[in-house]
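Here is a short walk through one protein model. Keep the sequence and the 3D view open side by side.

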Amino acid sequence: MEFVLLFIFFSYGLVFGSFFNVVGLRIPKGESIVKPPSHCTVCDRRLTIKDLVPVFSYVFLKGKCRGCGTKINWVYPVMELATGLLFAFAYLQLGFSLELIVALLFISLLVIITVSDIAYMLIPDKILLFFLIPLIVLRVLEPLDPWWDSIVGAVVGFGVLFLIAIVSKGGMGGGDIKLFFVIGLVLGWAPTLLTLFLASIIGTVIGIISLRRSKQSRKTPIPFGPSIAIAAIIAYFYGEMLVDWYVNLFF
Ligand SMILES: [Zn+2]
């Protein structure tokens, strides 16, 4: 039974992940998420069911459009698979609970902003606001311990990132700052700082790898959103454990 439920959450995650790709690509451009139906952005070929099966289509089409042969970005099947795995993992960790809804919303938000930040270097306000409202309601119904940790977390998340933005003179985008407000609300202050710490490490590693890969595009800025997303998910599931471990090293 447990296995069946895990499979259901995984499948839902794949389908939602596929939808999140569409949302992340269209919302920043001000496009509708339902019209027009999915199509190849190069040859305009309308995608059929065969092209739209999450992950599998990418594998069977060998990562190319069936119309024009243009390579499909590997980011999209990775996002689908990641959403599937994270949905299943969230259910495994939390079971049927209010907190599971928090986790699913949080994962969804992070997947969408990863897609849009990679594609456009942008984390749209609309997306943040769409998720912020239900997350506030859920943190009232299912508060952190102590309950005010959400408020402190949001203020600390926003404040620290805002300071970094001032000191680094634009090294941090406005979207990143607002995203940390939402992260603080969901996680509380300590895991939020942990998120920032982990995101910096992940961002540095990604930066070094992409520098090595492309020598000429040295000046292209690297979106910070994906690093924040990975860090926030680690902090959500393991933050308390990691913070406790660290504090116990000293006290
Ligand atoms: Zn095409």
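Helices here are DSSP runs of H or I, at least four residues long, numbered from the N terminus. The model is predicted.

Start with Val55, which sits in the loop between α2 and α3 (56-60). Its phi is near 60°, a positive value in a residue other than glycine. Val55 is buried, because its relative accessible area is 17% and the cut-off for buried is under 20%. Lys62 also has a positive phi, near 50°, and is not glycine either. Lys62 belongs to the loop between α3 and α4 (75-94). Lys62 is exposed, with a relative accessible area of 71%.

Two prolines come next. The peptide bond from Lys35 to Pro36 is cis, with omega near -10°. Pro36 lies in the loop between α1 (2-26) and α2 (49-52). Asp145 and Pro146 are also joined by a cis peptide bond, with omega about -5°. Pro146 is in the loop between α6 (125-141) and α7 (149-167).

Now turn to a helix pair. The axes of α5 (residues 98-120) and α10 (residues 225-248) come within 8 Å and cross at roughly 165°. Therefore α5 runs roughly antiparallel to α10. Their crossing is left-handed. On α5, the contact residues include Phe106, Leu110 and Ile113; on α10, they include Ala229, Ile233 and Tyr236. The residues of this contact divide into eleven nonpolar, two polar and two charged.

Stay on α5 for Ser108, which lies in this helix. Is Ser108 buried or exposed? It is buried, with a relative accessible area of 6%. Leaving out residues up to four places away in sequence, Ser108 touches Phe20, Phe87 and Phe131.

Notes:
Residues are numbered from 1 along each chain as its sequence is written. This is a predicted model: local features need pLDDT of at least 70, side-chain atom pairs count only at pLDDT 80 or more; totals for chains, interfaces and linings use all residues. Side-chain values use heavy atoms; hydrogens and water are left out. Axes are lines fitted to C-alpha atoms, for helices over the stretch in contact, and angles run from 0 to 180 degrees between N-to-C directions. Helices (H or I, at least four residues) and strands (E, at least two) are DSSP runs, numbered from the N terminus. Angles under 35 degrees count as roughly parallel, over 145 as roughly antiparallel, 65 to 115 as roughly perpendicular and the rest as oblique. A crossing is left-handed if the near helix is turned anticlockwise from the far one by less than a right angle, and right-handed if clockwise. Contact means heavy atoms within 4.5 Å. Ala, Val, Leu, Ile, Met, Phe, Trp, Tyr, Cys and Pro count as nonpolar, Asp, Glu, Lys and Arg as charged, and the others, Gly among them, as polar. Buried means under 20% relative accessible area, exposed over 50%, partly exposed in between (1.4 Å probe, protein chains only).
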